[in-house]
Amino acid sequence: MYDKEKFKGVLPALLTPFDKDDKVNKNSVQKLIRYNLDKGVNGFYVGGSTGEGLLLTKEEREDLFEYAADANNGKSTMIAHVGTICTSHAIEMAKTAEKLGYDAISAVAPYYYGFTPEQRKQYYYDIAEATSLPMIIYNFPAANGFNLDKGTAEEMFAHNDKFIGIKHTTADLFALQQFKTMKANPIVYNGFDEMFVGGLSMGADGGIGSTYNFMAEKYIEIYKAFHANDVARACEIQTEVNEIIAVLIKYGVFASEKYILDCLGIEMGPCRKPFLPLSEEGKKELGEIAKQFRQA
Ligand code: MN9
């Protein structure tokens, strides 16, 4: 059995900083981890969508796992996102994460070829069987057309008890609630930061989010208020962060988050191409937003 408690709470989906040569910036990875540990986050989700994991080579992803684990130094829960289109690459990354002491692995479903439900399930079984680490399914239908339902999840969790959780990145909070009624009672994470209170209300055990990178304290406060039965306060903070998220969406979420962190003293660089640099107009508006957050 694994310790369920340690997977709960607020976990930034770690952004991946790049230096001037477009290399993963180790210094900044470590600074970003420490900045968030100081705020009291419960863990990190490394190399996922937010971390531009699918724009990194396998070696870069493994290096990133190492930099992040070193900086975390056992202080919080570490989840390595190993998902990719090729099962054997995912397995190699999962083994690396295991060696580095990660607490769990996670994977987005394989994409592009329109794999069948059987093929997708087998991909998850193969990865889960390759290590002793627990597996958290990354359910992000908008990205790959795979919409995990309760029946399929039941089947997968029954097949292998390494399946422990679901990162639920859809606005379908009914589906989230349905996962919580499964026999296995999985850990379920809210994936869209702009509906964190909604996710918690429907039973989420916590959230994994990109906007946590620079405003984790807001989500920690939402989480605490919600669990102290102060839903009105939780909603108030949600409204506050959503005003900011609306601006991030306007200019591109990850590039905007990186720019805000640049302003706060952590050099994040741009996103990797084909993402394009932030507009000057975006920088102006985001620079104003950055002023309300703590310097790193
Ligand atoms: O990891 C993120 N998901 C994606 C979670 O980017 C696909 C979210 O944090 C969003 O970036 C955020 C803004 O829509 O909720």
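Select Phe 163 first: its relative accessible area is 4%, so it is buried (under 20%; exposed is over 50%, partly exposed in between, with a 1.4 Å probe and protein chains only). This is a predicted model, where local features need pLDDT of at least 70, side-chain atom pairs count only at pLDDT 80 or more, and totals for chains, interfaces and linings use all residues. Residues are numbered from 1 along each chain as its sequence is written, and side-chain values use heavy atoms, without hydrogens and water.

The structure holds 15 aromatic pairs (Phe, Tyr or Trp rings, the six-membered one for Trp, with centres within 6.5 Å; planes under 30 degrees apart are stacked, over 60 edge-to-face, the rest tilted). Phe 157 and Phe 163 form a tilted one, 5.9 Å centre to centre with 45° between the planes.

Next, select Phe 254 and Phe 275. This pair is edge-to-face, at 6.1 Å and 90°. Phe 254 sits in helix 11, and Phe 275 lies 21 residues away in the loop between helix 11 and helix 12 (helices are DSSP runs of H or I, at least four residues, numbered from the N terminus). Phe 254 is buried at 19%; Phe 275 is partly exposed at 39%.

Now show helix 11 (residues 253–264) and helix 12 (residues 280–290). They pack at about 55°, axes 9 Å apart (axes are lines fitted to C-alpha atoms over the stretch in contact; angles run from 0 to 180 degrees between N-to-C directions).

Finish at Tyr 45, Tyr 138 and Phe 140, which form one aromatic cluster.

Terms used:
Helix = DSSP H or I, 4+ residues; strand = E, 2+ residues; numbered from the N terminus.
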